[in-house]
Amino acid sequence: MSQSPEHIEKSFDHLVAEGRIYKLWEAQDAFRADPDGPGEPFVIVIPPPNVTGSLHMGHALDVTLQDILVRYHRMMGFNTLWVPGTDHAGIATQAVVERYLEGQGTSRLKLGREAFLERVWQWKEEFGGRIIGQLKRLGASCDWSRERFTMDPGLSRAVREVFVSLYEEGLIYRGDYVVNWCPRCHTAISDIEVEHEERDDLLYHIRYDGVDGGRSLTVATTRPETLFGDVAVAINPSDPRYPKEGELRVRLPLTDRVIPLVRDPYVDLEFGTGALKVTPAHDINDFNIALRHGLPMVECIDKDGLLTEAAGPYRGLGVDEARVRVAQDLGAQGLLEKTEPLRHKVGVCYRCRTVIEPLLSLQWFVRTKGLAEAASGSVRDGRVAFVPKTWERTFFDWMGNIRDWCISRQLWWGHRIPAWYCHSCGKTIVSREDPDKCPDCGADAPERDPDVLDTWFSSALWPFSTLGFPEKTKELGRYYPTTVLVTGFDIIFFWVARMMMMGLKVMGDVPFRTVCLHPLVRDAQGRKMSKSKGNVIDPLSIIDRHGSDPFRFALASQAGSARDLKISDERVAGYSRFVNKLWNAARFTLSHLENLDPGSPASAPGLPGRWIRSRANGCAREVAEAISGFHFDRAADSVYHFIRDEFCDWFLELAKPLLYGEDKAQAQSARMDLLKVFGKTLALLHPVMPFVTEELWGKLPGAPGNGRLLMLSPFPVFEPSEHDPDAERDIGFLMDTVRAVRQARGDFGVPPGAKVSPVVATADPLAKGLIEAHAPLLLKLMGAQKLDVTDDPAAVKPGDAAEAILPWGKVWTPLSGQIDLKQEKARLDKEGDKLSKDIAAAEAKLSNQGYLSKAPADVVEETRDRLAAMRARLEGVRHSQGLVARVLGDMG
């Protein structure tokens with residue numbers, strides 16, 4: 001039995017219901033995957049959030065889209081597995097704990113390595129589960145029995161196995177290389193962890209005097225403080241400004257050193273003077289030039305960002321101070337020919353925003369060329385598809401220019417590199433087990449490498465390490481490769497590319513078949529969210545105010561191919577009103593399903609029933625195609641408009657005469673239509689709005705899923721027998737008529753309570769018959785007292801009527817006695833004049849550079865929004881003015 005409306009809450013209380021519903025799902029093991037179960041596998045591994053993190057907009061979008069896919073495929077009968085977990089996040093987590101320790105009056109160095117790691121594990125146990133609870137609040141239907149952590153014992157074993165295997169194949173090596181060094185985090189970071197900011201600097205033109213009467217050279221650089229690491233000056237051999245042959249040496253400014261001129265095609269003829277200072281210990285391109293020409297490496301900046309003894313009297317200065325001092329001294333000696341302003345991009349640490357120092361360092365690397373070629377090949381031959389496809393070109397460009405991957409980090413928190421060094425014979429030992437002795441000379445206690453692996457190394461193994469690798473588990477055999485990866489386009493190279501390289505190398509197959517890249521979430525004005533702008537939107541506060549369902553829908557409704565997704569409290573509030581509309585429709589529906597006996601005699605479905613069943617059927621096809629094609633916005637749009645515009649606004653009104661009529665067979669037919677279509681509607685909406693749909697599903701009579709949860713019930717599929725194009729066409733005549741009259745009422749400001757008397761003129765006998773047959777219903781929907789239908793070709797529009805021209809005829813809405821057209825014209829003229837003046841004032845304000853530079857950004861944005869609203873309103877006023885003028889003209 002259904003619940004009567006008085007026993008159903010007047011609205012959906014998300015604060016009470018969502019937690020209760022989620023516990024119901026968990027209690028029934030609704031999320032658990034069974035590798036022995038039937039169905040084609042559908043597998044997603046969650047992009048693991050930082051263990052110390054809190055839910056942000058990026059996570060919310062990621063998880064919402066994954067959950068839509070998982071819920072849809074689960075309902076479609078797939079053997080569905082969604083693997084959850086968290087990442088140890090080396091730099092981020094260590095930084096958080098170090099700040100905490102500072103507040104406690106101690107530090108990492110005071111504690112020592114082992115005690116510090118104990119503190120980090122304590123921190124992880126205390127705060128690490130926070131984000132998991134937040135993902136549950138969002139409705140994530142992960143198999144929590146399989147939750148993993150990148151440093152749990154199983155994944156740690158996988159990391160060591162892969163490291164050792166790659167080392168044994170020569171794909172991991174240790175060597176000197178120019179790395180990106182963060183002086184604040186005190187670690188090397190990979191190329192893609194370096195972000196670039198536009199900055200204003202100076203370009204210094206420095207003269208290097210020739211030796212023994214030789215020619216002097218002028219070098220342009222933004223970093224004069226690094227000249228102490230110069231070992232040569234390079235020119236392009238094709239540069240006509242310099243001699244093509246012969247030895248040339250110059251004196252290094254501010255020093256007694258003499259350095260040679262080398263000719264190398266890398267040098268850009270167009271930049272500066274065409275002469276390049278070669279500083280191989282602090283620039284990767286200079287490093288490569290030095291290797292080609294057999295030049296030495298001189299380090300002039302250390303790991304603290306201070307100048308070294310190679311800088312002589314400048315030793316110990318920070319980079320910024322040294323730059324000023326060096327420039328002053330160059331000027332004093334007449335060696336600084338000029339400076340000029342330069343705006344360029346400067347590399348900064350993605351974590352702390354400190355300027356990166358390229359330093360020569362002994363680090364561990366992965367040889368990536370062959371791995372990258374294999375990953376690119378998997379996309380070219382179709383084993384992996386990018387959605388949108390446009391990202392493939394970006395992927396190929398990056399993979400074609402990839403450098404070896406620096407995987408060692410000078411941290412304590414993370415997977416410690418499984419390498420040991422024998423101080424007796426110098427052997428490097430890389431082993432799956434901790435060695436007690438050197439295998440070559442037998443010396444005791446080899447010393448372990450102090451560094452840890454880049455966080456992204458363990459993350460790169462995530463698709464198979466979470467399934468049990470290196471053991472050959474049942475899950476690994478059943479669920480690898482996974483089906484789809486859903487993530488933001490901003491980590492294609494951090495994570496996606498590396499998973500592809502590792503999956504192909506270690507498992508011999510791609511880690512996933514499809515990469516679905518979603519847009520980034522920005523604020524309502526399209527700006528990147530940041531604390532400094534004060535525009536960060538907390539997803540948890542939105543969920544508190546409006547509920548998870550409206551929030552998910554607001555995200556999904558914009559998740560198309562665009563790079564930017566705009567979110568605001570107002571947008572979410574709009575979908576909260578949609579939830580209320582659905583709830584009210586449920587109250588109406590359930591009020592007519594009380595004591596429903598499905599076996600009672602019912603007439604064949606009438607036109608409204610045939611139409612809504614056909615439209616629900618069509619919506620099922622649209623939603624299925626959209627989700628399968630990763631068009632989340634289309635899926636949301638389709639089900640939204642079906643529920644709001646067709647089911648609620650039309651069908652419920654069309655069904656009322658039948659439900660309240662005296663024909664019991666017709667009433668029973670309408671009730672069965674309500675039951676079937678509303679149940680299907682909830683199922684269609686469930687992947688996007690799981691909570692409210694599950695709640696209402698449980699209130700429907702007759703246990704529509706035989707007592708099953710909605711999330712475990714079948715997803716509606718397109719049924720050819722339900723497709724009824726005749727009913728859709730016939731209802732279209734009625735809807736066209738009502739819309740024409742409603743449009744006229746709105747355009748001319750006819751009061752809501754005023755009764756109009758429309759006239760329909762059509763030569764289409766089918767349209768005429770349908771409109772006449774449903775005239776009583778149409779009168780109610782149009783707010784009309786009389787409806788005339790004529791097929792007389794000589795019929796003429798009344799002079800005072802608004803006219804709508806339709807494909808099958810015309811609808812005239814007489815306005816005489818409803819409004820004073822001349823008075824309406826005067827009102828519109830007055831409003832239009834005021835809007836024009838206000839628009840001109842706003843435009844003048846926004847063209848004033850003084851206003852734009854002095855007014856707060858939010859005030860300027862508010863002015864722009866107000867201007868846009870006034871322009872839109874003026875457009876509507878102009879439209880109404882034209883309509884009124886046309887009718888007044890027809891009246892003569």
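Colleague: What joins the side chains of His344 and Asp201?

Modeller: In this predicted model, the two side chains are joined by a polar contact of 2.7 Å. The cut-off for a pair of N or O atoms is 3.5 Å, and 2.7 Å lies within it, so the term polar contact applies. His344 belongs to strand E13, which covers residues 336-349.

Colleague: With which residues is His344 in contact, leaving aside its neighbours within four places in sequence?

Modeller: They are Glu197, Glu198, Arg199, Asp201 and Thr222. Contact here means that heavy atoms lie within 4.5 Å.

Colleague: Is Thr187 buried or exposed, and how do you know?

Modeller: Thr187 has a relative accessible area of 0%. The cut-off for buried is under 20%, so Thr187 is called buried. This residue is in strand E6 (residues 187-189), and Thr187 touches Ile91, Asn180, Trp181, Cys182, Arg409, Gln410 and Leu411, not counting residues up to four places away in sequence.

Colleague: What does the side chain of Thr187 reach?

Modeller: The side chain of Thr187 reaches the backbone nitrogen of Gln410, at 2.8 Å.

Colleague: Why are the buried residues of H11 said to line one face of the helix?

Modeller: The buried residues of H11 (residues 391-400) are Trp391, Glu392, Phe395, Phe396 and Met399. Seen down the axis of H11, these residues fall within an arc of 140°, so they line one face. On the other side of H11, Arg393 and Gly400 are exposed.

Colleague: What covers the buried residues of H11?

Modeller: The cover includes helix H10 (369-380), strand E15 (385-387), helix H15 (492-507) and strand E23 (512-518).

Colleague: What makes E10 and E12 stand at the edges?

Modeller: Four strands form an open sheet with mixed pairing, in the order E10-E11-E9-E12. Strands E10 (249-251) and E12 (275-278) each have a single partner strand, so one side of each is left without a neighbour in the sheet. Neighbouring strands of this sheet are turned by 30° against each other on average, direction ignored.

Colleague: How do you know that E10 and E11 pair?

Modeller: Three bridges join E10 to E11 (residues 258-263). Pairing requires at least two bridges, so the two strands count as paired. They run antiparallel, and Arg251 stands opposite Val258 in E11.

Colleague: Which strands does helix H8 lie across?

Modeller: Helix H8 (residues 284-293) lies across E11 and E12, and runs at about 85° to E12.

Methods
Residues are numbered from 1 along each chain as its sequence is written. This is a predicted model: local features need pLDDT of at least 70, side-chain atom pairs count only at pLDDT 80 or more; totals for chains, interfaces and linings use all residues. Side-chain values use heavy atoms; hydrogens and water are left out. Buried means under 20% relative accessible area, exposed over 50%, partly exposed in between (1.4 Å probe, protein chains only). The arc is that of the directions from the helix axis to the C-beta atoms. A polar contact is a pair of N or O atoms within 3.5 Å; within protein, one must be able to donate a hydrogen and the other to accept it, and residues adjacent in sequence count only if both atoms are side-chain atoms. Axes are lines fitted to C-alpha atoms, for helices over the stretch in contact, and angles run from 0 to 180 degrees between N-to-C directions.
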